[in-house]
Amino acid sequence: CYKILFNVPKKKKQVFNVPVKVQNRKTFFKSYFSSQGLPIFLFVLLLLAIVGDAESSSTMEGLLNDPVPLVVAAAVRAVGLLGEKVPEVRGDCARALVNEFDTKDRGMRERVRRSLVRLAKRDYGNDVDRWRIWSSRLP
């Protein structure tokens, strides 16, 4: 049984048990994408990014335009994580995040900026033009 530890409020640890072999975890997580409620969906979205599932990148990028702000927030984090984990999709992830940088929601713009900072390992602040130039240079 593969166990994934994650933090929950009040610093308690909980365990999410995945009843499959480690090499099949991506398939297991993907099966939960459409079959569970929103909290599990968001958790699985982040797990797919953590395990570096490049095949999910287009799905994650598509969720950046979801009407539910919680889904968009999780997608911003997942796209950033995936870009960090998988060099082959780093440029696509960075450009998708830069495209979301123009949002009018201040909180969401800050989430996007934090994900971009982690990807770039530098901070261009709120200068969307500098972020676009940086992301356009990535393969």
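**Reading salt bridges and helix packing**

Mentor: Asp123 has a relative accessible area of 44%, so Asp123 is partly exposed. Keep in mind that this is a predicted model.

Trainee: Which residue does the side chain of Asp123 meet in a salt bridge?

Mentor: General idea: side chains of opposite charge can pair when their charged atoms come close. Here the Asp123 side chain meets that of Arg113, with an N to O distance of 2.6 Å. This pair links distant parts of the chain. Asp123 lies in the loop between helix 6 and helix 7 (128-136), while Arg113 is in helix 6, 10 residues apart.

Trainee: Is Arg113 buried or exposed?

Mentor: Buried counts as under 20% relative accessible area. Arg113 has 16%, so Arg113 is buried.

Trainee: Which other residue forms a salt bridge with Arg113?

Mentor: Glu110 does, and the closest N and O atoms are 2.6 Å apart. Glu110 is partly exposed, at 28% relative accessibility.

Trainee: Why are Glu110 and Arg113 separated by about one helical turn?

Mentor: General idea: an α-helix has 3.6 residues a turn, so residues three or four places apart point the same way. In this case Glu110 and Arg113 sit 3 residues apart in helix 6, so about one helical turn separates them.

Trainee: Which residues is Gly125 in contact with, leaving aside its neighbours within four places in sequence?

Mentor: Look past the sequence neighbours. Gly125 then contacts Phe101, Arg113 and Trp131.

Trainee: How many salt bridges does a search of the whole structure find?

Mentor: The search finds 4. Among them is the pair of Arg118 and Glu84, whose side chains meet at 3.1 Å, N to O. Arg118 is in helix 6 (residues 106-120) and Glu84 is in helix 4 (residues 69-85), so distant parts of the chain, 34 residues apart, are linked. Arg118 is partly exposed, with a relative accessible area of 39%. Glu84 counts as partly exposed too, at 33%.

Trainee: Now helix 4. At what angle do helix 4 and helix 5 pack?

Mentor: Read the angle and the axis distance together. Helix 4 and helix 5 (residues 90-100) pack at about 150°, with axes 8 Å apart. That makes the two helices roughly antiparallel, since angles over 145 degrees count that way. The crossing of helix 4 past helix 5 is left-handed.

Trainee: Which residues meet there?

Mentor: From helix 4, Val76, Val79, Gly80, Leu82 and Gly83. From helix 5, Arg90, Cys93 and Leu97. By class, this contact has 5 nonpolar, 2 polar and 1 charged residues.

Trainee: Which residues of helix 5 are buried?

Mentor: The buried residues are Gly91, Cys93, Ala94, Ala96, Leu97, Val98 and Glu100. They pack against helix 3 (57-62), helix 4, helix 6 and helix 7.

Methods
Residues numbered from 1 in each chain as written. Predicted model: local features only at pLDDT ≥ 70, side-chain atom pairs only at ≥ 80, totals over all residues. Heavy atoms only, no water. Helix = DSSP H or I, 4+ residues; strand = E, 2+ residues; numbered from the N terminus. Buried < 20%, exposed > 50% of the residue type's maximum accessible area, 1.4 Å probe, protein only. Axes fitted to C-alpha atoms, helices over the stretch in contact; angles between N-to-C directions. Parallel < 35°, antiparallel > 145°, perpendicular 65-115°, else oblique. Left-handed = near helix turned anticlockwise from the far one by under 90°. Contact = heavy atoms within 4.5 Å. Nonpolar A, V, L, I, M, F, W, Y, C, P; charged D, E, K, R; others polar.
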